[in-house]
Amino acid sequence: MGGLTAALLIWALLLPKGGSGEAWPIHTACKDSSLEVLYQSCDPLQDFGFSIDQCSKDLKPNLSIRLGLILRENIKELFLDIALLTKGSSILNFSYPICEGDHPKFSFCGRSKGEQLYYVGPVNNPGLLVPEGEYQVLLELYDENRSTVACANATVICS
Amino acid sequence: MGPMMAPSVSCLLLAVLFSAGCKVITSSDQMCTEKEANKIYNCEYLGLSKIPDILPNTTEVLEFGFNFLPAIQNTTFSRLINLIFLDLTRCQINWLHEDTFQSHHQLNTIVLTGNPLIFMAETSLNGPKSLKHLFLTQTGISDLEFIPVHNLENLESLHLGSNHITSIEFPTNFPTQNLKILDFQNNAIHYLTRKDMDSLKPATNLSLNLNSNDIKGIEPGAFHSKIFQNLNFGGTFDLSVILKGLQNSTIQSLWLGTFEDKEDQDLSPAILQGLCEMSVESINLQQHHFSDFSSATFQCFTQLQELDLTATHLKELPSGIKGMNSLKKLVLNVNNFDQLCEISAASFPSLTHLYIKGNRKKLDLGAGCLERLENLQKLDLSHNGIEASDCCNLQLKNLPHLQCLNLSYNEPLGLQSQAFKESPRLELLDLAFTHLHVNVPQSPFQNLQLLQVLNLSYCLLDTSNHHLLAGLPNLRHLNLQGNRFQDGSIPKTNLLQTVGSLEILILASCDLLSIDQQAFHGLEKMCHVDLSHNSLTGDSISALSHLKGIYLNLAANNICIVSLHVLPTLSQQSTINLSHNPLDCTCSNIHFLTWFKENLHKLEGLEETMCANPPPLKGVKLSDVKLSCGITAVGIFFLIVFLFLFTILLVFLIKFLLRWKYQHI
């Protein structure tokens, strides 16, 4: 009987994880005494690497970031959706074009599916003083057919 | 301990076997998706290390990216001899062995993007009779000699982006005569020599992409009397090098823009002087800064037909630019103008296309700023924060040939009757997401005799104004998405009655609860009606009873029961979408359910057309529902026949029994 229980237990442990697959690890995008940014890829097919150069609750304009991922789609057209929440209620939603056929803003626009993309450079953000608290940020990069290029669940902790 | 151990071990073995069995099941669950039967298949991200047996031999298009094929050889795809398009993106391919595509005569596109290629055998691309497109993007190539040249005579496009290439000089035996697209973006090419360019001599009308290479030098004469369709030097730091280097060349379209992540040098009139020495039809200078911006900046632009100055930090264009009579298309998107007159439109009298969208400041249209552009056919003023209480005759004065006008995504505009009198030849007018103030009973679009397409989505219209759409005799396509109707219903008399020529009508997301049976009378030519994302019930379908063969979208409404009398109306249409409705799958809806089964070929979105009621059938696809309801007429007939036969049988039986009994007395 004990053997059977053990076997069932082992079986349950060995079973491939169902449907949603196992979650990607949580990474730290940046951390200092007052601000911490954690993120986790919500694309079931792949993880990606991301870091922010300066971390401070007094966010400087035009921050420099590093981003590494494998492109799942051609990015002649690429859009970013950001949803900002705190304590489960939505504060801000916006959508921003990064690459458009008639206006490729960044030098990586036009790269193709399957390419490994590594970007170091500015993101052209406005300056911002982050109020204390914990925020959830959902970021999604997608192409003109709304196919996911990257997806991140981020947590911003400001103290 | 010993006897206890044995069953545990066997159980463990059993468990491992079980879990292995599970893995096989899951991997066979995730199989290639069929996009077109026997022809098009997608097998991406399945971790496959060979071509699955379930793919038919007739497969023509195969998307096989993100799998695992360390080496490919003549047995790898040998079964699929009809392949036309083969995508092997990021399959961890190291080796392309001899004769891999030997039997694939029809193959015309091979995608090898993102594979760490170590070696391609001399005959690895032999076989295809007309190989036209080869993608070798990010495959680690540093030398063009790496590409086997044997079967490339028909090649039309070669993609070599994101490699380690430093020179574009092709080997002498490389057949370039049919090349139309040559993509070298994001390599390490810093110099272009005469020899490099001469190796491309056989190619005619070539499009050469050198985006993100940072060219530092071009040998004088390298481009002498060369002809190009497109040349892209995007992100180059020093444009004077390019413009000097391109002397005496003929280029249809020259892309010299830069990017937010690239440093750039200010463009001075001296740098742009180089343009005088070449023939260019279309030029893009997006995202550059200009220094000493004056009419002299444009002195070498006189032959230009198209000029794109997107996001070039412009506050105004200098007045008094001379000689730009040939410019047909001007793009001034994402700049910093305060007023439309600051573009000094009079300098470009031949302009047919003008794009000023996404201005970084609120744009004031002023008065008559474009009145000298008599030939203008297309004008895009979207996303500009434009606000006007009385639009648009003063603002868009004298545009007699204007055909397309885009004023979408602006601030509120007040429109009076005949608001577009100055552009009577308009064929397309886009006002989406711009709040419109129109007083009843004004008709702002009156006299747009040629208008065919009108987009009024999310304009917050006063739909009770029955004259709103008056005077549009040729309107074919009307989008009213996101506008509201009084009490959520379209009455018998409504604003649509004046547009009898309508073919396409979009009334999605209008919060509609009902449509009067007579509401669309007079609209006899309609062939496409979109009523999705409202709260309509089955009864509203009768408003379409006079229409035949239309595309009808009723997705995401509140349709539960579709009564018998509206089924003929549905039957006479060509395509119907009923997905995302709370459809009733009980016997009270049996007529509709039967009709649904019989008309599956006409229905769109079957995967999302599901039952909401009764609870046990909730979420079940309507096409899968089998319902037997009560006793039908046929059932009653058979029941009566059965009872009749049973009675006769019983009588005979009793008779027989009685006889048998009496015989034995």
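**Disulfide close-ups**

**View 1. Cys30(A) and Cys55(A) form a right-handed disulfide, because the torsion about the S-S bond is about 45 degrees.** This is a predicted model: local features need pLDDT of at least 70, side-chain atom pairs count only at pLDDT 80 or more, and totals for chains, interfaces and linings use all residues. Residues are numbered from 1 along each chain as its sequence is written, chains are lettered from A and ligands numbered from 1 in the order written, and side-chain values use heavy atoms, without hydrogens and water. A disulfide is a pair of cysteine sulfur atoms within 2.5 Å; here S to S is 1.9 Å. Cys30(A) is buried at 7% relative accessible area (buried: under 20%; exposed: over 50%; partly exposed: in between; 1.4 Å probe, protein chains only). Cys55(A) is buried too, at 11%.

**View 2. Cys32(B) and Cys43(B) form a disulfide with sulfur atoms 2.2 Å apart.** The S-S torsion is about 110 degrees, so the link is right-handed. Cys32(B) is buried at 12%. Cys43(B) is buried at 0%.

**View 3. Cys276(B) and Cys300(B) form a disulfide with sulfur atoms 1.7 Å apart.** This link is left-handed, with -90 degrees about the S-S bond. Cys276(B) is partly exposed at 41%, whereas Cys300(B) is buried at 9%.

**View 4. Cys560(B) has its closest cysteine sulfur in Cys585(B), 11 Å away.** That is too far for a bond. Cys560(B) is partly exposed, at 32% relative accessible area.
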